Amino acid sequence: MKRKPKVTSSDATAPKKHHWATGLLVSMEDPRYKVKEDDKIIVIKDKYPKAQNHYLIIPKIDIPSLWHVKKENEDLLLHMHAIAEDLTKEHKEFEFLIGYHAVPSMHRLHLHVISTDFNSPCLKTKYHWNSFTTPFFLHSTDICNQLREKGELKKLKSEESAQYLNTPLKCHKCPASPKNMPDLKRHLLIHLSD
């Protein structure tokens, strides 16, 4: 019996393997996700959206994360925020959050623009929820102001970040404290008609 030849990574036709953390760099080039682009940024739909509307604004220059931003990047962050504001105006029936995760999981600076319905099958874990609804989520206006006023960004301590992600579940619109994610997701449905 003949064996099929093994495809090696040097084979030009073999698909390139990427580490999951660099997935944004791949998605930036994928026309299925790209929403808009200018000379400074690319806007993509989040591949695993945590709400009905979830966009990522990614700079074209390689800034690995928020914690690599310098004072000279202030105009870029302001531009990213302005693009985010424009996106929210395209969906006036939704409220939005605009900001960054204190500990980003993906390589390349990216600004989240996410509707507060949080109605998505991709919203599965307490980590997902708390990453948008606790101080782990750093609002873009606060980040821009901090960079303008202080010339640098103050990083959250890792203990604080972990504490925020492990906070008990709490609805972002009312005092309800569901006991688990399925309960939270059922509860969130009552707010869809608000």
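**View 1. Histidine 81, a buried residue of the predicted model.** Histidine 81 counts as buried because its relative accessibility is 14%, where buried means under 20% relative accessible area, exposed over 50% and partly exposed in between (1.4 Å probe, protein chains only). Histidine 81 lies in helix 2; helices (H or I, at least four residues) and strands (E, at least two) are DSSP runs, numbered from the N terminus. Not counting residues up to four places away in sequence, histidine 81 touches Ile98, Leu111, Ser140 and Thr141, contact meaning heavy atoms within 4.5 Å. From histidine 81 to cysteine 144, the C-alpha to C-alpha distance is 8.5 Å, and the two residues are 63 apart in sequence.

In all views, residues are numbered from 1 along each chain as its sequence is written. The model is predicted: local features need pLDDT of at least 70, side-chain atom pairs count only at pLDDT 80 or more, and totals for chains, interfaces and linings use all residues, while side-chain values use heavy atoms, with hydrogens and water left out.

**View 2. The crossing of helix 2 and helix 4.** The axes of helix 2 (residues 74-89) and helix 4 (residues 140-150) come within 10 Å and cross at roughly 160°. Axes are lines fitted to C-alpha atoms, for helices over the stretch in contact, and angles run from 0 to 180 degrees between N-to-C directions. Helix 2 and helix 4 are therefore roughly antiparallel to each other; angles over 145 degrees count as roughly antiparallel, under 35 as roughly parallel, 65 to 115 as roughly perpendicular and the rest as oblique. On the side of helix 2, the contact is made by Glu74, Leu77, Leu78 and His81, and on that of helix 4 by Ser140, Thr141, Ile143, Cys144, Leu147 and Arg148. Sorted by class, this contact has 5 nonpolar, 3 polar and 2 charged residues. Ala, Val, Leu, Ile, Met, Phe, Trp, Tyr, Cys and Pro count as nonpolar, Asp, Glu, Lys and Arg as charged, and the others, Gly among them, as polar.

**View 3. Two loop residues with positive phi.** Arginine 108 is placed in the loop between strand 4 (96-101) and strand 5 (111-115). Its phi is near 95°, a positive value in a residue other than glycine, and arginine 108 is buried, with a relative accessible area of 10%. Phenylalanine 118 lies in the loop between strand 5 and helix 3 (126-133). Although phenylalanine 118 is not a glycine, it has a positive phi of about 50°; with a relative accessible area of 1%, phenylalanine 118 is buried.

**View 4. Asparagine 166, an exposed loop residue.** Asparagine 166 lies in the loop between helix 5 (158-165) and helix 6 (181-191). At 54% relative accessibility, asparagine 166 counts as exposed. Apart from neighbours within four places in sequence, asparagine 166 is in contact with Lys126 and Asn130. Its C-alpha atom is separated by 10.0 Å from that of threonine 134, 32 residues apart along the chain.

**View 5. Residues 7-15 and the confidence of the model.** Over residues 7-15, pLDDT stays under 50; pLDDT is the predictor's confidence in each residue, from 0 to 100. For residues 7-15 the model has 2 contacts beyond four places in sequence. Where pLDDT is low, the predicted coordinates should not be read in detail. The chain averages a pLDDT of 89, and 85% of the residues score at least 70.
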